[in-house]
Amino acid sequence: MNPTQPLQQHHKHCDDLFAAAEALAQAGDWPACASTSTQFCDEIEAHFATEEQVLFPAFAAATGMSGGPVAVMRMEHAQMRDLMAQMKAAVKARDRNGYGGAADTLLILMQQHNMKEENILYPMCDNSLGASSLDIGGALNERLEGQCQTKT
Amino acid sequence: MHPNLSFEQAPPISVPYRFFVTAPWFGVAAGLLLAWGGENALISRWAPSALAATHLLVAGFMLQAMCGALLQFVPVAAGGNVWRARQVALFVHPLLAAGAACLATAFLTAKSGFFIAAAATFATAITGYAGIVGLALQRTPGKGPTLMALRIAVTGLAITVGLGVTLATSLGTGAGLPVLEITQVHAAWGLGGWALVLLMGVSYYVVPMFQLTPPYPARLARSLPLALIAVLVLWSAQLGGTGAGWQQGVLLAGVALAGVYAVTTLVLQHRRRRKVADPTLYFFRGAMVLLVAVAVSSLWFGLDADLGGDRRAAIWIGLLAIPGVFVSAISGMLYKIVPFLNWLHLQSLGGPGQMPPNMREMISERAMMGHMWLHFSAVATLLASVIFPVLTRPGGLLFAAACAWLGVNLAGGVRAYLRFRKRMTAAATA
């Protein structure tokens, strides 16, 4: 298995959570939307943290590239975090249009971001980290569990 | 860095927008022309008003919107670096507008000077455009079915315009060329080799992205544009004189490919994981249903010689394809592209924590849905006018009104961008 495969699979899982949360907001089911949105944002945050704290530093160490593609990905993470904050605020305010607008924007940004990672950055990482013992799946699970513990 | 990764590759927002805000008004002109011509406007595909309206739509509306969108799409989705995009847009945009106006005037007045002027204008604009965009597509390190389709589409555009310029020059100078055969080949390359292949390439990228659908099957995505080109090459053989039965088979193969693409898209959209629908999805679905109708009608006309021989058959197919398929798909795409580009360019202006308004604050969803209902009512009325010609005038007026609504909505999107940019710039300097 390539080192980045767990992250690719996790993209699909996050897409499903996004779609579920968006549909709940559209239906006006705010308690369920709040719970699913929180789960979505937590999973995305764990995903970003795994990339920023584990994958990107390992890639930088292996290739000497700390700017370039990695810097673009970090910048897009920041943009998506801002949009998730807007979604959370819209859930609190029970603002269907505000939620829908932020979700629309996040969806395109997130899908373009995922495509860039899956088609360009992850293959670059797999090439340079293939022989290392980096356990991305383990790191992701650790962060996902961390999110759950913070909540309980 | 791979060119795909950075937003910096995207052209200035004015590059696509100058095309987008102009395109709908050619649709308004086409609708008004049909309303003005009334029952006689669509009496035959060769009627001057029908030819003028067709070219206001394909060389005015569609060409503007597609050329503008491609200047944005090539760097962002295909990683191609378009040389001096701003200058290309400044050069090509007015020429396309002038060329479409000249061509429509030429058909209506039958004055040779307008044909010559239109030919020269389109030849200049598209030689420059297809050369520069084609080079960007050739040089990009990217790969995949979208890029392949874009390369084929730009080649299709060059062939379409080459044939169109030949026709216009022939009509302008009275040179004795086989105008009927060249027209058939020109129309097939324009609608199939350029517009449909471009729509396919863009769909491969945006349909899964906008609605979280499964991707298009890889083998199908690669084969459809290639098969369509093979069909178009065979169809072009009629320039050297081909039997009618043979031609009919080639035409049916081409529309069957279009049908396969449309049905695949509808199936993928049905299997989407995103449950929330929006105007873009409705427009795109409508376009695909109408493309299935193009395929079914063409097959029917092919099997029923009486029906296929009726002069109204070509009008029916043209109305389904041009205002039906392409104007619908383009409208839906613009309603996603403009709000997102607004947001993307605005957020690059803002400092940390200074977020621009979200996409829904750029163009109101109610206005987009209103336009959509008016647009599909206009298409339905125009289709009905093939059987009841008295409906041509109301159909033309409805279509003009729908295109005007699109123009107003897009201009409103651009105004929203300027308003928010002013506000964000003021906040940043305060």
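Which residues does I182(B) touch, not counting residues up to four places away in sequence? They are L163(B), L167(B), L177(B) and L239(B). The model in which these contacts occur is predicted.

## Chain B as a whole

The secondary structure of chain B consists of 13 helices and zero strands. Its pattern along the sequence is accordingly written α-α-α-α-α-α-α-α-α-α-α-α-α. Taken along the principal axes, the box filled by the C-alpha atoms of chain B is roughly 70 × 45 × 45 Å. The radius of gyration of chain B is 21 Å, which agrees with the value near 22 Å that a compact globule of 430 residues would have.

Of the 430 residues in chain B, 57% are buried. Among contacts in chain B with a separation of 6 or more, 78% are between residues 24 or more positions apart.

I182(B) belongs to helix 6 of chain B. This residue counts as buried because its relative accessibility is 7%, under the 20% limit. One of its contacts, L163(B), is 19 residues away in sequence, with a C-alpha to C-alpha distance of 6.8 Å.

S170(B) lies in helix 5 of chain B. With a relative accessible area of 4%, S170(B) is buried as well. Apart from neighbours within four places in sequence, S170(B) is in contact with A175(B), L177(B) and V179(B).

T381(B) is placed in helix 12 of chain B, which covers residues 365-387. Its relative accessibility is 16%, so T381(B) counts as buried; the cut-off is 20%. Not counting residues up to four places away in sequence, T381(B) touches L391(B), P394(B), G395(B) and L398(B).

## Two loop residues with positive phi

R94(A) is not a glycine, yet has a positive phi of about 50°. This arginine sits in the loop between helix 3 (68-93) and helix 4 of chain A. R94(A) is exposed, because its relative accessible area is 53% and the limit for that class is over 50%.

In chain B, L212(B) also has a positive phi, about 55°, although L212(B) is not a glycine. The residue is located in the loop between helix 6 and helix 7 of chain B. Is L212(B) buried or exposed? L212(B) is buried, with a relative accessible area of 1%.

## Cavities

Rolling a probe the size of a water molecule over the atoms shows where empty space is left. The structure has six cavities of 30 Å³ or more. The largest cavity contains about 450 Å³ of space. Its lining is made up of 27 residues, and those nearest its centre are A69(B), F73(B), V202(B), M333(B) and I337(B). Two or more lining residues come from each of helix 4 of chain A and helix 2, helix 6 and helix 11 (312-349) of chain B.

Which element gives the most to the lining of the largest cavity? That is helix 11 of chain B, with nine residues. By class, the lining of the largest cavity has 24 nonpolar residues, two polar residues and one charged residue.

## The second largest pocket

The volume of the second largest pocket is about 1200 Å³. This pocket is lined by 36 residues, and M115(A), E118(A), N119(A), Y204(B) and Y205(B) are the closest to its centre. The elements that each supply at least two lining residues are helix 1 (5-27) and helix 4 (96-129) of chain A, together with helix 2 (48-78), helix 5 (145-173), helix 6 (179-211) and helix 7 (218-236) of chain B.

Helix 4 of chain A provides the largest share of this lining, eight residues. Helix 4 of chain A is also among the elements that line the largest cavity. The residues lining the second largest pocket divide into 18 nonpolar, 10 polar and eight charged.

How values were computed. Residues are numbered from 1 along each chain as its sequence is written. Chains are lettered from A and ligands numbered from 1 in the order in which they are written. This is a predicted model: local features need pLDDT of at least 70, side-chain atom pairs count only at pLDDT 80 or more; totals for chains, interfaces and linings use all residues. Side-chain values use heavy atoms; hydrogens and water are left out. On a 1 Å grid over the protein atoms alone, a cavity is a set of points where a 1.4 Å probe fits but cannot get out, and a pocket is an open set with protein on both sides within 12 Å along at least five of seven lines; lining residues have an atom within 4 Å of a point. Grid points are joined across faces, edges and corners, and a volume is the space filled by probe spheres set on the points. Helices (H or I, at least four residues) and strands (E, at least two) are DSSP runs, numbered from the N terminus. Ala, Val, Leu, Ile, Met, Phe, Trp, Tyr, Cys and Pro count as nonpolar, Asp, Glu, Lys and Arg as charged, and the others, Gly among them, as polar. The radius of gyration is taken over C-alpha atoms; the globule rule is 2.2 Å times the number of residues to the power 0.38. Buried means under 20% relative accessible area, exposed over 50%, partly exposed in between (1.4 Å probe, protein chains only). Contact means heavy atoms within 4.5 Å.
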